[in-house]
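Subject: Structure handover

Hello,

Here is the structure for your files. My notes on it follow below.

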Amino acid sequence: MSERCVNPPRLVVAAPSSGSGKTTVATGMMAAFTEAGMTVSPHKTGPDYIDPGYHALATGRPGRNLDAYLCGPERIAPLFAHAAAGTQLAVVEGVMGLYDGAAGSGELASTAQVAKLLKAPVVLVVDASSQSRSVAALVHGFASWDPELRVAGVVLNKVASSRHEALLREALEGSGVPVMGALRRDAGADTPSRHLGLVPAAERQAEAVESVATLAARVREGCDMQALLALARSAPPLPVTPWEAAVEVSGRSAPVAAHGERPRIAVAGGAAFTFSYAEHAELLEAAGAETVVFDPLRDESLPEGTRGLVVGGGFPEVYGPQLSANKPLRQAVREFVAAGGPVAAECAGMLYLSRELDGEEMCGVLDGVARMTGRLTLGYRDAVAVDDSVLAPAGLRVRGHEFHRTTLSPQAGDAPAWGLVRPERRKEGFVGGPTRNVHASYLHVHWASAPMMARRFVERCVA
């Protein structure tokens, strides 16, 4: 495909630091514009899986991640254009502070970098709870730090009173950055959290719908919606070739199953397995597969005709007893593996395949014991495939992300899935099964950065 200019109205919701209210404002904005009849494309900077779940509830569209570390800066605009095609507005929620990126890598993977790659104006959400006139210095610093970035509006969050709001607005009058909203303190609107952040929307569906509606009402009442929309429409044309899954997995060759059987790939879902990137299913389907979601908490068998199994991330530690109680499905998974069925498991998926999780019996495909700990393992990783597997040929280099509070003993099998090379060197994960048909690892990899993994997996499913 040739490059073309696309121009979806777009803006980035950022903040000086985590905890300022980005998710409140971004999700509320997405929901409010959707309720007004607009088609909104939701995005999240970084590797986070949980916020996109709320974005999807707010808009009725898949929440998409834009991670310049995992996917490379060159793929950010194409992935964005793919997701935002045909929509009337795109809202991108930032990560951490506006200029915070991957450790030791400058601006890489920061919200600022993504905003510049998308040529998108930035709305800065400021926690104003403990300041008045100083807010002007804060906003001025963020707006002037990078002259290539356009910080074009401010939303004041956690405002105490009308008097407090007046002081803040007065201080910002000469800043050159207009105030586009002010939200009062409202602890009752907070979304519940636990050991890895917000509780995923899929685990509290009814309450999550209500929470999103509340956020929409807060943003609608506290923000100048017309000013925000006008700002989004001021974004210039974006020269880009939109990302296409079919091109990525096929190039000039036909999809794996184009002239024969479409292998059915079962993808774990439900409350225990909520972590996935939408592009993974798109790549598998573009390679010729059919994807079918099943729920390991409820379904007692794999979908009929399953030829491949993908078990992604989530919270099996929260649902250990229920997963263990579903003995028919655990047996079905063991039999599938024993018969040589290809399996790709990430993080939670690896724990589900283990022998035991917090004393609860799991599938027993991997001879490992998993435990919850108080230690958070979090960060980007550079890795190389140690040996051939159903996902990767030996020597394939990838970038991934770890995010968990569990440990698995041993942490790697005799045939590890990956050799981590940055920021530390160690072996990680498992390549196992009777025909080396299982790939399991803590590492989350965005397949858009390595689409050959999806094609390779489908090839194994039709072999």
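Axes here are lines fitted to C-alpha atoms, for helices over the stretch in contact, and angles run from 0 to 180 degrees between N-to-C directions. Helices (H or I, at least four residues) and strands (E, at least two) are DSSP runs, numbered from the N terminus.

This is a predicted model: local features need pLDDT of at least 70, side-chain atom pairs count only at pLDDT 80 or more, and totals for chains, interfaces and linings use all residues. Residues are numbered from 1 along each chain as its sequence is written, and side-chain values use heavy atoms, with hydrogens and water left out.

Overall chain

The chain has 15 helices and 24 strands. Its C-alpha atoms fill a box of roughly 70 × 50 × 45 Å along the principal axes. The radius of gyration is 23 Å, which agrees with the value near 23 Å for a compact globule of 463 residues; it is taken over C-alpha atoms, and the globule rule is 2.2 Å times the number of residues to the power 0.38. Of the 463 residues, 57% count as buried (under 20% relative accessible area, with exposed over 50% and partly exposed in between; 1.4 Å probe, protein chains only). Among contacts (heavy atoms within 4.5 Å) with a separation of 6 or more, 75% are between residues 24 or more positions apart.

Helices α1 and α2

Helix α1 (residues 22–35) packs against helix α2 (residues 50–59) at an angle of about 20°, and their axes are 8 Å apart. The two are therefore roughly parallel (angles under 35 degrees; over 145 is roughly antiparallel, 65 to 115 roughly perpendicular and the rest oblique). On the α1 side the contact is made by T23, T27, M30, A31 and T34, and on the α2 side by D51, Y54, H55, A58 and T59. By class, this contact has 4 nonpolar, 5 polar and 1 charged residues (Ala, Val, Leu, Ile, Met, Phe, Trp, Tyr, Cys and Pro count as nonpolar, Asp, Glu, Lys and Arg as charged, and the others, Gly among them, as polar).

D51, in helix α2, is buried, with a relative accessible area of 7%. Its C-alpha atom is separated by 29 Å from that of L329, 278 residues away along the chain.

S389

S389 sits in the loop between β18 (369–385) and β19 (397–409). At 5% relative accessibility, S389 counts as buried. Leaving aside neighbours within four places in sequence, S389 contacts V431, H439 and R456.

Regards
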